[in-house]
Amino acid sequence: MNSDFAPLSAASDEVVSDDNALFETLLSLRAAVVEEAAPLIERFRHEAGREDPALENLAHYLALRRHELRPLQRQLMWRGLSSLGRLESRVLPTLDAVLAALAALAGRAPALPAPEPATFFAGEARLEKASAASLGPEPEGRYTRIMVTLPGEAGSDPAFILALAKAGMDVARINCAHDDAGIWRAMAGHVRAAAEAVGRPIAVLMDIAGPKIRTGAVLPMRKDKPTGRLLPGDTLRLVAEGEPRVDDAALFSAAVSLPEIVTRLGLGHRVRYDDGKVEAVVESVGPGEAILRILHTRPGGTKLKPEKGINLPDTTLGLSPLTAKDDADLATVIECADLIGYSFVSRPEDLDLLDAAIARHGAGRARPLGLMAKIERPEAVRNLPDLIARAARTGDFSVMIARGDLAAEIGFTRLAEMQEELLWICEAASVPAIWATQVLEDLVRDGIPSRGEMTDAAMAARAECVMLNKGPAVVEAVQLLDQLLGRMADHLDKKTPTLRALHSW
């Protein structure tokens, strides 16, 4: 049998009625997928240190998606067969099931046996098991868990955490970039007490800070620049050392939290500030500084403030994802958390670095600490399959789609499709995904949601967990999200529409 898959030559809207020809095309595709996935399976086996059916399915999915399948899909749809559009968790079982159906249509013997139901749905079962292990049991009435970032004030307010638990919080996130070990311990203790009070587990995620690149001290304007806001065409000086300074070459200036990144900027490199609210380009570099030209801001400009994030999508940073602060914080994380959030992870070696640090601090921990990798840089996107494979060595693993940083790195247009692709890759590998950044942000902050963010939150139902940030109305946001995700569970299972009876007409 020829394993070279030749896509159908027919135009995408032209249907070919030869069942035998379609059978041979699909059989050839299956052979190509198996052949092309073989080196990936071997690579993943080496990374994981063992065989893993989820990683084998991931390899088959990656091999399949390198082919142009749209003409083939229309041929299958016309025959009432699967269009292959929902096979993330079951690549070969889906191809085998369709081949068996096509063989029957063509009146020929099947080339391969049709899969048993348990085999066909094994990927779904793996993902459900992994989600429960990482994020806690599936909530009653909905599939997607709700994660809430706790404010520092929650350390002295157990009633607030209990209100979140009663509203539907399933995972409490403690951001170790803020507060201290005493407050973290208090928050974790209040979460445990709230979980006992509501009679269900609530997982504690502690998110170590990583090498966050932020603005330090700023000079927001010259005396002849009265608005104090960055506008297109303005110039901004980043300084590696010393105090910010403004002059004729730069109307604004800022120090940065990691001074060495200034020296790594090159001419033409893009710089994004505050989750992409400002985009600039490096116009000149000098000893210990770089001058940026502002390209885009919000209408009316954007204020330059300290402690705002900086993203450098074109710059090779060479930073370790585990800082000295993170290493010191690990002792408290191991004591208090169920899972650890790992920022700036980009390569499989980064996971080894964290594993070694946890081993140093947590030799006496009875239960392995779950790991949640934050995907926020282009390198992490490219290396995600190998990150997943390496993580299989150590236990429970999940992925946070950090859409704010990711959008600032790859651009908002690319984010729209990348968040979907990341969900597909995670499902293919049976890895739980967390949908994060600015979910119901207006509601959390102001108490009133926008139409756009309600739609965004509804789409989060395709993930295993959705994260809300802290804010004055976060309890109300959890209550609304609990209802919304419950309703969406009647209509959507991952990418699959579920056809509940409609009663509006």
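Predicted model: local features only at pLDDT ≥ 70, side-chain atom pairs only at ≥ 80, totals over all residues.
Biologist: Which residues in H16 meet which residues in H17?

Modeller: From H16 come Met 454, Ala 457, Ala 458 and Met 459, and they meet Leu 480, Leu 481, Leu 484, Leu 485 and Met 488 in H17. By class, this contact has nine nonpolar residues, no polar and no charged ones.

Biologist: What makes H8 roughly parallel to H9?

Modeller: The axes of helix H8 (residues 181–198) and H9 cross at roughly 25 degrees and come within 10 Å. Roughly parallel applies to angles under 35 degrees, so H8 counts as roughly parallel to H9. This crossing, too, is right-handed.

Biologist: How do the residues of the contact of H8 with H9 divide by class?

Modeller: Ala 181, Trp 184, Arg 185, Ala 188 and Arg 192 in H8 meet Lys 325, Asp 329, Thr 332, Glu 335 and Cys 336 in H9. They divide into four nonpolar, one polar and five charged.

Biologist: Which strands make up the closed barrel?

Modeller: The barrel has eight strands, in the order S1-S2-S3-S13-S14-S15-S16-S17, and the pairing is parallel. On average, neighbouring strands of this sheet are turned by 25 degrees against each other, direction ignored.

Biologist: How do you know that S14 and S15 pair?

Modeller: Two strands pair if there are at least two bridges between them. Strand S14 (residues 370–375) is joined to strand S15 (residues 397–402) by five bridges, and the two run parallel. Met 372 stands opposite Ser 398 in S15.

Biologist: Which helices pack on the sheet?

Modeller: Helix H9 (residues 324–336) is one of them, touching strand S3 (203–207) and strand S13 (339–342), and its direction makes about 170 degrees with that of S3. H17 also packs on the sheet; H17 touches S1 and S17, and its direction makes about 165 degrees with that of S1.

Biologist: What joins S17 to S1 and S16?

Modeller: Strand S1 (residues 145–149) is joined to S17 by four bridges, in parallel, with Met 147 opposite Met 467. Strand S16 (residues 433–436) pairs with S17 over two bridges, again in the parallel sense, and Trp 435 has Val 466 as its bridge partner.

Biologist: Why is Phe 344 called buried?

Modeller: Buried means under 20% relative accessible area. Phe 344 has 13%, so Phe 344 is buried. This residue is found in the loop between S13 and helix H10 (348–361).

Biologist: Which residues does Phe 344 touch?

Modeller: Not counting residues up to four places away in sequence, Phe 344 touches Pro 211, Ile 213, Leu 317, Leu 319, Pro 321, Asp 350, Glu 376 and Arg 377. Glu 376 is 32 residues from Phe 344 along the chain, and their C-alpha atoms are separated by 6.8 Å.

Note on methods: Residues numbered from 1 in each chain as written. Heavy atoms only, no water. Contact = heavy atoms within 4.5 Å. Nonpolar A, V, L, I, M, F, W, Y, C, P; charged D, E, K, R; others polar. Axes fitted to C-alpha atoms, helices over the stretch in contact; angles between N-to-C directions. Parallel < 35°, antiparallel > 145°, perpendicular 65-115°, else oblique. Left-handed = near helix turned anticlockwise from the far one by under 90°. Buried < 20%, exposed > 50% of the residue type's maximum accessible area, 1.4 Å probe, protein only.
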